[in-house]
Amino acid sequence: MRRHAFFLCYFETTRRCDQGCPHCMTDPAEPASRPELSTVEAQRLVLDELRELSPKGAVSFSGGEILQRADHLELIAHNARNGLYTFVNTSGSGLDSARMRKLKQAAAGRLTMGFSLDSVDDDIQKKCRAGDRERLERLLHLCEEQNVPAFVLLTVSRRNLASLSRTMDWLRERKIAVIRSPFVPRGAAANARHLCFDRADMGDTIHPALRANPLSYVSYTPFFAAPDATRLSFGGRGLSLGNLGCQAGRTFIGINAEGDVAPCVHLLDSPVCCGNVRDQALSRIVAESEIMRVLRGERPARGKCARCRYGDSCRGCRALAYYHTGDYLAEDPTCFFQPDSPATRSPLEETQTANTRLFLNYLAQNRPWRDIFGVHGRLGVTLLNFKAWLNTFLGSL
Ligand code: SF4
Ligand code: SF4
C-alpha cells in the first residue's frame, strides 16, 4: 500500500444537525436503505484505514453536526490513539468550556476547531447560515481559554459577495486563518443553483479578497503561485508551493455518513463517487479508483487548465467543474485567466508567490501545522522577516 506523506480526510460523520442552515451542503435526509456508519464501522473502515494510508495525517470530523453523534468523543479518541491529528468542524451550538475540554482531552491535545462565518453583516449571515459574528467571537474565546487553535470556514456564494471583502478584513484583523469553501448546489442547497458564483464574480470580487489575505491561502483556485518557484519542503513531508491549489484526490478526500468516498467533500453524494468503505477497503479505493488515479496524475484537467502554466499546481476546482459542466475534469469554469500556452504568466504570479511563501512560514510557526509537520521557525527560504511582515500586514499588534 502506498503511504501518503500527508492526507486530510473530511469525514461527515452524520447528517443530523439542529441548525437548519438554509443552504446546508449535507442533505439531512438519510437514505433509508443505507444507515450511517456505526461506531465500529467508522473506527475500522475509516479511521484505522486512514492510519494505514497516512500515519501522520489528519481527520476533519464534521456532519451535519458531529457533536450530535453520541459517540463523537469515542471517535475522536480513537483517531488520537491512531496518531492522527483531529479537526472538529462544528456550528458550536451548545459548546461550552466543559465540552471543549472534553474534546481536547479526547484528541490528546492535538485538536483544531473549525467554525463557520459567511458574513460579518448579520442580515447577510442570516440568509446563509445559523450563527453570527457574536457566536463566533464566543467560540473563539472558548478556544483561547483552552489553548486550542481555530480557523474559520467561509462558504462563498452570490448571497455573501457584497460583504466578502469586509468579512475577510474582519478575519484578517483578528489574524484568523480562513478556508474558502465554494458554494455548490449539493444537499439542502441542491435547488439553489442560482447562488453559484461565476467567472466575473471570481475575477471582480472573490479572487481580490482572497489573494490579499495570505491567511486564506488554502486550497483555492485559480491559484497563480509560480509552480517552478523554490520547491519548499515543508517539514520534510514533500509539501510544496504546488500543494496549495486544488487538493481533490491528492492530499484530500471526503467521506459521507454512509461511507461513500469522493475526492473532495463537495463531490460527496454526486456521481463522482469512488466507492463505499463497506464494499471495499478505503486504502484500495484511494489506490485503485480510476477517479483518484486520474486526479493524482499530472495536469488531470481539460481545456485551458491542461495548457496552463499552473495546470499542475492550481489544477482548477474539480467540484466547480463538475457542478457547472457535469464533467469533473472540465476546465475550472470560474477562472478568469486565459492562458494561450504553458508559457503564459499571470500578472498576479509575483504577488501570489510572495504571499504563498509568507503563508507557508505562517504555517511553520503556528499550530496545528507546526505540530503536524514537525517544523519550527522559518522555512529555509529568503523572506521578509515574518513577524515584521505580520505587523505591517495586520496593523499594530
Ligand atoms: S475540488 Fe479542489 S479546489 Fe474545489 S473545493 Fe474541492 S479541494 Fe477545493
Ligand atoms: S486555467 Fe485552470 S489551472 Fe490555470 S489558473 Fe485557471 S483554473 Fe488554474
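The exercises below concern a predicted model of a protein chain with ligands. Local features are taken at pLDDT of at least 70 and side-chain atom pairs at pLDDT 80 or more, while totals for chains, interfaces and linings use all residues. Residues are numbered from 1 along each chain as its sequence is written, and chains are lettered from A and ligands numbered from 1 in the order in which they are written.

**Exercise 1. Overall composition**

Task: State how many helices and strands the protein chain has, and what share of its residues is buried.

Solution.
- Step 1. Helices (H or I, at least four residues) and strands (E, at least two) are DSSP runs, numbered from the N terminus. The protein chain has 13 helices and nine strands.
- Step 2. A residue is buried if 20 or more other C-beta atoms, placed from the backbone, lie within 10 Å of its own, exposed if 12 or fewer, and partly exposed in between. Of the 397 residues in the chain, 50% are buried.
- Step 3. Two residues are in contact if their C-beta atoms, placed from the backbone, lie within 7 Å. Taking contacts between residues at least 6 apart in sequence, 73% join residues at least 24 apart.

**Exercise 2. The sheet and strand E1**

Task: Give the strand order of the sheet, and explain why strand E1 is described as largely enclosed.

Solution.
- Step 1. Two strands pair if DSSP finds at least two bridges between them. The nine strands form an open sheet with mixed pairing, in the order E6-E5-E4-E3-E2-E1-E7-E8-E9. Its edge strands, E6 (178–182) and E9 (275–276), each pair on one side only.
- Step 2. E1 (residues 8–12) runs parallel to E2 (residues 58–62), with five bridges; Leu8 is opposite Ala58 in E2.
- Step 3. E1 also runs parallel to E7, with four bridges, and Tyr10 is opposite Gly254 in E7.
- Step 4. E7 in turn pairs with E8 (residues 260–262) in the antiparallel sense over two bridges. Ile255 stands opposite Val261 in E8.
- Step 5. Leu8, Tyr10 and Glu12 are buried on one side of E1, and Cys9 and Phe11 on the other. Five of the five residues of E1 are buried, so the strand is largely enclosed by the rest of the structure.

**Exercise 3. Helix H6**

Task: Find which residues of H6 are buried and how they are placed around the axis.

Solution.
- Step 1. H6 spans residues 164–173, and its buried residues are Leu164, Thr167, Met168, Leu171 and Arg172.
- Step 2. These residues lie on the same side of H6, because they cover an arc (of the directions from the helix axis to the C-beta atoms) of only 135°.
- Step 3. An α-helix has 3.6 residues a turn, so residues three or four places apart point the same way.
- Step 4. After H6 comes Lys175, with a positive phi near 55°.

**Exercise 4. Arg250**

Task: Decide whether Arg250 is buried or exposed.

Solution.
- Step 1. Arg250 is in the loop between H7 (199–211) and E7 (252–255).
- Step 2. Arg250 counts as buried because it has 22 C-beta neighbours inside 10 Å.
- Step 3. Beyond its neighbours within four places in sequence, Arg250 contacts Leu295 and Arg296.
- Step 4. Val286 is 36 residues away from Arg250 along the chain, with 9.6 Å between their C-alpha atoms.

**Exercise 5. The ligand shells**

Task: List the nearest residues to each of ligand 1 and ligand 2, and classify the shells.

Solution.
- Step 1. A residue is near a molecule if its C-beta atom, placed from the backbone, lies within 6 Å of it. Ligand 1 is surrounded by 13 residues, of which Cys246, Ala248, Cys264, Cys317 and Ala319 are closest.
- Step 2. Ligand 2 has 15 residues around it, and Cys305, Cys308, Cys314, Gly316 and Cys335 come nearest.
- Step 3. Ala, Val, Leu, Ile, Met, Phe, Trp, Tyr, Cys and Pro count as nonpolar, Asp, Glu, Lys and Arg as charged, and the others, Gly among them, as polar. The shell of ligand 1 has eight nonpolar, four polar and one charged residue; that of ligand 2 has eight nonpolar, three polar and four charged.
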